[in-house]
Amino acid sequence: MNNENNQLNKIKKTGKKEAYLPGRVCLLPISERPFFPPQTLPILMNEDSWRDTIEYISEQHDNITGLVLVRNPLPEDAKPEEFYKVGTLVKIHHPVLSSGKVQFIAEGLQRFRIKKWIKKQPPFIVEVEYPNEPNYKGTDELKAYAVAIINTLKELVPLNPLYSEELKFFLNRFDPNEPSQLTDFAASVTTATRGVLQEVLETVHLKRRMEKVLVMIKKELEVALLQKDIHDQVEETLSEHQRRFFLREQLKAIQKELGIAKDDKTADVERFEKNISDKTIPDIAKTKYHEEIDKLSILESGSPEYAVTRNYLEVFSKLPWGVYTQDNLKLRAAKIALDKEHAGLEDVKQRFIEFLALGALKGEISGSILLLIGPPGVGKTSIGRSIAHALNRQFYRFSVGGMRDEAEIKGHRRTYIGAMPGKIIQALAETGSSNPVIMLDEIDKIGSSYQGDPSSALLEVLDPEQNNQFLDHYLDTRYDLSKVLFICTANQIDTIPRPLLDRMEIIRLSGYILEEKVAIAKNHLWPKLIRNAGVAKSKISLSDSALKLVIDGYAREAGVRNLEKLLAKIVRKCAVNLVNKKPKKIAISKNNIIQYLGMPIFTPESNLSGVGICTGLAWTSLGGATLSIEVARIHGHSRGFKLTGQLGEVMKESADIAYSYIASHLEHYKADKNCMDKKYLHMHVPEGATPKDGPSAGITMASAILSLMLNKKVKARFAMTGELTLSGTVLAVGGIREKVIAAKREGIKNLILPQAVESNFKKLPDHIKQGLNVYFVSHYDQVYKLLF
């Protein structure tokens, strides 16, 4: 082997050194990119796989080896067929073993082509040949290519410092006028793929090689320029931010030197002082404010306590201390404003006018607490907004339905993370006034839990004797709520805590009769729906008869919410017709209303008459209703009395009283005194799925039983209400307005009411009383004379 290696094929000058070119070479595989002759680079290989091979090269081949690119990404597993045909002869310098690796410096010498494989297992030994490269000096075309490559390299050097270092190393070893070495060097500094670089290595013809390399470095220049543009854009953005930052810091420093700069803490304090400068703050509250300001001044702005104190002062300074809006005390203007926005609700309007009149006499309006009770959809919330508008006050509404935490009313203590004031203080801060109208919606649905009882917290808020010293836990100082007008709304009175109820003035909204609903629909609901739909008024017309049919046949509830939904449904269907069929006008009448709403839900009730049948009047949370009561004899074998219709305990007791009273006064009312001895009676109140309770059906039940015992029908269609005692006395009942409206809606004109409610009836509006024959009774004997 040594003798063979010592045989020289040729001697070639490479820079300043001479290298022997052996005919047989031991190969080392590389996988990332090919090695070019002008290169001198460190090579790293696995010790386990190649240590023996490198030692063999040092001993037998005078540190001369061939580096060849392999197709396998793992050189250790490379097979002879995976080696490329062309590689580079190199000389190994300074091999070192370290951490399982063999590292050495490879100095490129000459291209070679594998001619024949001598040994196909490591160490790989092949027979090689060296391509002839003639002397190209003096050729103008190649010189031009060389100049183009050099110029491109010059452009690349300023863009990347790495090119500069490699170029210096190349110039120290080679003559730049040698085109072959220059071309290989230029290819080696590019980031081209290993396949493209291997193709350059295999191209022996210099001109073709130079053409390929020139294209490669031109692309490299384009990429470098693009990278520079991107880098410059980023640098420009960062530089601009840095410039602005430094300028701001310099400005702060200059302002500080001149005494016109303020740090964040000083700016906060000045803002708080400005917020309270035109407000009238009580002395105790002002002392609290100054204590917090002093605390803020000694705290570091980055500390958590600083943020808590700052937030507190933010809330404190925004409160409208001593700020009140000017009330509108003109009764006529207020009445006009209320009538414009609401039809009906005369009780509420009258109470408000009385409240306003007292304020006009005193020159100011004190706070008050009103409770509006009525079924859904009668306008409780909207009348509150109208009252605020008529008074020229700010309006704030929040719902207490389902509220379970007293902190919602009185605020959280500042020891808690995320503490904030209660809804009352929030309302004052948002409205910017100490005398707004605050509406507490759904107060009958307020809850309680382990976190506290909000209804108890409201006792202080809604008590005129206490709320001038209202204490919010977050604010931790007293605030005067005595000028605030509180309006609460509820659907029923039973679930409101009694202590809370005692603090409020109750105003009942009974619901609307047909005429009032027609007025509301024509003046408010229908114009609003047409306007929201974007339809011209002339395009859709709704007759009064159709409107009355909608109210009577589809929307008999006390309020107008369902009526509004039905009218919206009509507008939507009309909109579809206007878009599809494009008629000039759509007229909705009584005859075609079924096309829009379907068959009526409610039909006129049959004339309830017959032996053992009477009509009563009842109150529900949805308004008034008529109640038919039927009594029938089951058999004559034994005495008994049965009740059905899902009746409550009070109503069952009323039925028992009625049965006992009639049984003990049969002779007095001209009936057989023994007629009930062997009769089993069954009393039924229809709509058995609906729970019913209360004492007001007493005279109705007694009349139904007496009708059966006398075997007589009542003389005319009557509806009645009143509590009956065992002595026959008729006692007062509630819900007179709702019951009268229900009777009028059903077309019943003859009413029997307790004598004790006559004053309540007389207070009803004339349009409700019109056309009714009302009989007031104090004893059942009067009822008997009217019916039988």
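Start your tour by selecting Cys-675: with a relative accessibility of 9%, Cys-675 is buried (buried means under 20% relative accessible area, exposed over 50% and partly exposed in between, using a 1.4 Å probe and protein chains only). Before you go further, note that this is a predicted model, in which local features need pLDDT of at least 70, side-chain atom pairs count only at pLDDT 80 or more, and totals for chains, interfaces and linings use all residues. Residues are numbered from 1 along each chain as its sequence is written, and side-chain values use heavy atoms, with hydrogens and water left out.

**Cysteines**

How many disulfides are there? The count is 0, where a disulfide is a pair of cysteine sulfur atoms within 2.5 Å. Cys-675 takes part in none, and the nearest cysteine sulfur, on Cys-614, lies 16 Å away. Next, pick Cys-574, which is buried at a relative accessible area of 0%.

**Helix H22**

Now select residues 649–664, helix H22. Helices here are DSSP runs (H or I, at least four residues), as are strands (E, at least two), numbered from the N terminus. H22 has 16 residues and spans 23 Å from first C-alpha to last, close to the expected 22 Å; the expected span is 1.5 Å times one less than the number of residues. Colour Met-651, Ser-654, Ala-655, Ala-658, Tyr-659, Tyr-661 and Ile-662, which are buried. These residues lie on the same side of H22 because they cover an arc of only 165° around the axis, taken from the directions from the helix axis to the C-beta atoms.

**Salt bridges**

The model has 25 salt bridges, each a side-chain nitrogen of Lys or Arg within 4 Å of a carboxyl oxygen of Asp or Glu. Here are some to visit.

- Lys-318 and Glu-314 pair at 3.8 Å, N to O. They sit 4 residues apart in helix H10 (residues 304–318), so about one helical turn separates them. Lys-318 is partly exposed at 48%, whereas Glu-314 is buried at 18%.
- Lys-445 and Asp-444 have their closest N and O atoms 3.3 Å apart. Lys-445 is partly exposed at 40%, while Asp-444 is buried at 7%.
- Asp-463 and Arg-503 come to 3.4 Å between their closest N and O atoms. The pair links distant parts of the chain, 40 residues apart: Asp-463 is in the loop between helix H16 (454–461) and strand E12 (470–471), and Arg-503 in the loop between helix H17 (498–501) and strand E15 (505–508). Asp-463 is buried at 11%, and Arg-503 is partly exposed at 24%.

For your last stop, select Lys-288, Glu-292, Lys-295, Glu-305, Arg-414 and Asp-476, which a network of salt bridges links together.
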